[in-house]
Amino acid sequence: MNVMKNIMLVDDDPGILDSVTVMLELGGYNVMSTDNGAQLMNMESDFPDLILLDIWISGVDGRDICRHLKANENTNKIPIVLVSASRDIEISAVKAGANDFISKPFEMNDLLNKIAKLT
Amino acid sequence: MVEYKDIFDLTRAALLIIATDAPSYTILDVNNAYLSVTNSSREELINKSVFAAFPANPTDEVSKNIERTIFSFEEAVRTKATHTMSNYRYDIPVRGTDEFEERYWTTSNTPVLDEDGKVKFLIHSPSNVTELFKLGEREKAGIVALREQRQQLYATFMQTPVGIAIFRGPELMVDLINPSLCEMVGKPMKEIISKPLFEIFSYAKGQGIKKVMEGVRITGIPYKGQIMVPILRKRKIEDVYLNFVCEPFREIDRSISAIIAVVTEVTDQVMAKQKLEEAEERGRLAVDAVEMGTYDLDLSTGEMITSKRFANIFGFAEPVPRKEYVRVFHPDDYARRERAHEEAVISGRLFYEARIIWKDNSIHWGRVEGKVYYDADRKATRILGTLLDITEQKLAKEEQQKLIKLLQDNEQLFRSITTAAPTALWMSDENGAITYVNQTWIDWTGRPFEEHMGDGWTIFIVEEDRKRAGDKFLTDLNNRNFYEVEFRLKHADGTVRWCVANGKPQNNEDGTFRGYIGSCVDITEQKNLQQQKDDFIGIASHELKTPVTSIKAYTQVLELMLSKVGETKESTLIKRMDKQVNRLTSLIGDLLDVTKINSGRLQFNDTEFDFNSYLHEIIDDLQRTSAKHRLIEDFEPTGIVFADKDRIGQVVANLITNAIKYSPRSDKIIIHTSCQGGELHLCVQDFGIGIPENNLNKVFEQFYRVSGDVQHTFPGLGLGLYISSEIIQREGGRIWVKSKEGQGSIFCFALPLRKAVATGENVQRAPKELINAK
């Protein structure tokens with residue numbers, strides 16, 4: 001049996017954190033979640049296999065976190081999927097170095113497919 | 001008993017007996033008559049040669065009388081018959097003088113034969129024909145003179161510019177006609193001569209000519225008259241006026257055998273007279289038409305003769321003395337009249353307008369004009385002129401002046417309004433150059449009037465909006481369209497405020513374009529409110545998405561879990577719930593899109609993609625959610641399109657879901673694609689309720705919804721087609737619809753197949769919203 005992949009879920013809405021965690025766990029992933037994006041910046045160990053990062057979170061822009069992680073050689077290998085309620089910012093997400101982008105609300109299968117491809 | 005010799009001597013014929021002894025021809029005997037006519041004596045002649053007795057006449061050297069006589073003798077001898085010499089001249093010597101008397105002779109030489117038939121002698125018998133000859137000569141001279149006279153007469157007759165003709169007999173046969181008359185009547189002489197008058201000029205019948213001519217022929221009383229005859233001249237019928245005199249032509253016995261007509265053409269005179277009469281008539285009519293009164297003022301006596309009309313204008317029934325007229329002038333106009341008269345004496349022309357008060361106290365206006373006549377000392381003696389009633393004109397003019405005054409007042413009012421209005425007003429000429437701005441605009445910009453003229457006004461628009469506002473104006477100007485554009489304006493106080501400019505094309509009376517009259521309204525407050533509204537909807541829909549995302553996540557998880565444990569029924573219910581969540585998502589998406597469109601923040605991510613295969617994917621997805629309608633693909637090759645794939649997909653999905661929604665009683669939708677003129681065409685055809693024609697152009701407006709009957713109300717916010725239309729337009733395409741109520745609709749869009757090579761970056765279609773000036 002394969003080792004379960006770890007996914008870091010970042011969103012400032014508890015409803016999202018809960019529902020998406022349920023969804024990912026059903027999809028066979030081990031989920032860590034936080035509503036504090038800034039926390040990611042200081043991550044030094046226990047790197048997840050993928051980060052699912054909402055762009056519009058309080059206090060900080062998800063794209064800035066993405067750019068930071070991608071600029072850091074310890075973390076630049078971690079696949080990042082940016083999430084936003086706005087479809088229009090997909091381009092800026094890709095520009096920020098994200099490996100993929102998904103807009104809210106999404107189909108479960110779409111999200112799981114994207115994650116499967118990157119892990 | 002009378003002897004032969006006695007007869008010979010006593011006969012009155014002059015006789016000479018001559019021997020045939022040529023060439024001498026000796027005179028054998030002579031009778032008394034001969035001696036008498038030749039003034040000769042017997043002794044001078046007997047036994048002498050006839051030529052010795054009568055030598056060649058010295059006065060007549062050319063007549064060759066000797067030779068003629070010898071010839072005559074010889075002929076008589078040869079032919080044995082009498083030979084006659086006629087009318088020759090042989091002058092007889094006047095005996096006792098050297099003179100000769102002129103004599104003309106006719107002489108016969110008769111041979112007398114003997115028994116043998118030989119000529120024994122000749123009887124020479126001259127007869128004196130001098131009187132006879134002279135008479136003949138005179139006659140000849142008379143005839144020549146007569147002939148010459150006749151020729152002169154004829155020439156005169158032929159050449160006189162007066163037309164002359166002689167008509168003979170009761171048929172009035174043309175006996176003679178001269179060229180002048182031929183010319184007058186426009187016919188060659190040969191067509192006229194020897195023909196009856198009325199056969200030549202059938203049109204002259206019935207004008208009484210025949211009666212007149214008949215009268216002259218019978219009574220002998222000459223007739224003078226004038227007729228007008230239509231005559232063909234130079235292939236043109238002309239009315240020719242002829243004066244004519246008919247005189248009887250009498251024979252020696254005083255009987256009238258013919259009529260001489262002398263005709264002169266007077267067409268020009270008649271015409272001139274007619275024209276003069278016409279001119280006079282016209283003049284009279286003109287005077288009548290304008291109802292002019294006329295007057296003739298004698299300045300030395302002060303007497304004035306006036307026409308009835310003149311009196312009428314002054315309110316009198318009939319002309320009155322001058323002082324009566326003067327008395328009824330309006331007192332206020334006396335001075336003017338006086339002045340006019342004073343000036344008239346100097347200038348030669350009188351002109352003034354004055355009021356006249358009638359007996360009934362009504363006031364009338366008269367215009368007096370006149371010409372001054374002077375005597376040899378330059379003293380004005382007389383004024384002749386006219387009077388015109390100009391009451392109506394004056395009243396009309398007063399009315400006009402009132403109107404002008406009113407308009408001027410209005411103009412003042414208008415100025416006050418435009419100055420006070422919170423709206424800026426402007427005008428442009430036909431070239432789009434600004435010619436007027438009102439005080440409001442000047443106050444806004446803080447710059448003087450002149451700086452805004454021409455295209456000076458554009459400098460006050462913020463730079464980002466300037467080109468757009470200017471280009472829109474030029475486009476509308478070229479198409480003579482109503483102009484409307486929104487832009488931000490730099491105010492004098494340093495603020496930037498939004499305004500909407502409107503311009504209505506103006507035409508001259510002849511329909512030519514004259515320019516614009518327009519306004520500028522400050523819409524900053526509306527813009528702010530709109531912005532707040534859009535912001536609110538944007539945030540609200542964004543916030544709505546968050547719980548929807550959670551709900552959708554739970555729903556999908558739940559559905560998966562239920563289907564895993566075999567709870568099919570519950571799983572199906574959850575699936576339906578997911579669909580409703582999707583609808584909710586779509587509605588929120590539409591709201592967001594509209595706020596983006598309104599604020600110009602709709603973003604496009606253009607990429608190249610194969611249109612037909614992408615379309616096939618979308619149709620596949622939609623077919624899965626629609627059990628009732630078959631989505632039929634009628635594709636022609638389209639190739640690669642460069643556009644925002646998701647947005648185009650959104651439009652296609654919108655058109656197809658609409659088609660499904662609005663054709664509840666039909667079971668198929670046809671989707672056509674084709675390439676036409678460098679464009680991709682997509683059409684979605686349904687067979688549903690259709691759109692009434694008067695609503696066709698409204699379907700792409702925000703919030704338009706098709707209203708069905710009571711049983712069929714159609715859900716939705718009415719934003720789908722508005723968003724689709726915006727997307728297609730911003731992608732450089734066109735969208736349109738054809739529809740027939742009750743039969744279905746065809747919604748189509750066209751996209752350019754190859755747009756300029758773009759980077760594939762986020763392409764922004766509208767200027768960034770930078771609101772708010774405060």
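This is a predicted model: local features need pLDDT of at least 70, side-chain atom pairs count only at pLDDT 80 or more; totals for chains, interfaces and linings use all residues.

Reply: Residues are numbered from 1 along each chain as its sequence is written, while chains are lettered from A and ligands numbered from 1 in the order in which they are written.

Chain B holds 22 helices and 30 strands; these are DSSP runs numbered from the N terminus, with helices being H or I of at least four residues and strands E of at least two. Among contacts in chain B with a separation of 6 or more, 49% join residues 24 or more positions apart (a contact means C-beta atoms, placed from the backbone, within 7 Å).

Now for the sheet. Five strands of chain B make an open sheet in the order β19-β18-β22-β21-β20, with antiparallel pairing (to pair, two strands need at least two DSSP bridges between them). At the edges sit β19 (434-437) and β20 (483-490) of chain B, each pairing on one side only. From one strand to the next, the twist averages 25°. Inside that order, β21 (residues 496-507) and β22 (residues 513-522) of chain B pair in the antiparallel sense over nine bridges, and B:N502 stands opposite B:S519 in β22(B).

Next, the side facing the other chain. Here 19 residues of chain B are in contact with 16 residues of chain A. The elements giving two or more residues to this side of chain B are α18 (524-564) and β23 (603-610), and α18(B) provides the largest share, 13 residues. By class, this side has six nonpolar, nine polar and four charged residues (nonpolar covers Ala, Val, Leu, Ile, Met, Phe, Trp, Tyr, Cys and Pro; charged covers Asp, Glu, Lys and Arg; the others, Gly among them, are polar).

Finally, a helix pair. The axes of α20 (residues 611-625) and α21 (residues 645-661) of chain B come within 10 Å and cross at roughly 45°, with axes being lines fitted to C-alpha atoms over the stretch in contact and angles running from 0 to 180 degrees between N-to-C directions. B:Y614, B:L615, B:I618 and B:L622 in α20(B) meet B:K645, B:G649, B:V652, B:A653, B:I656 and B:T657 in α21(B). By class, that contact has seven nonpolar, two polar and one charged residues.

Notes
Two residues are in contact if their C-beta atoms, placed from the backbone, lie within 7 Å.
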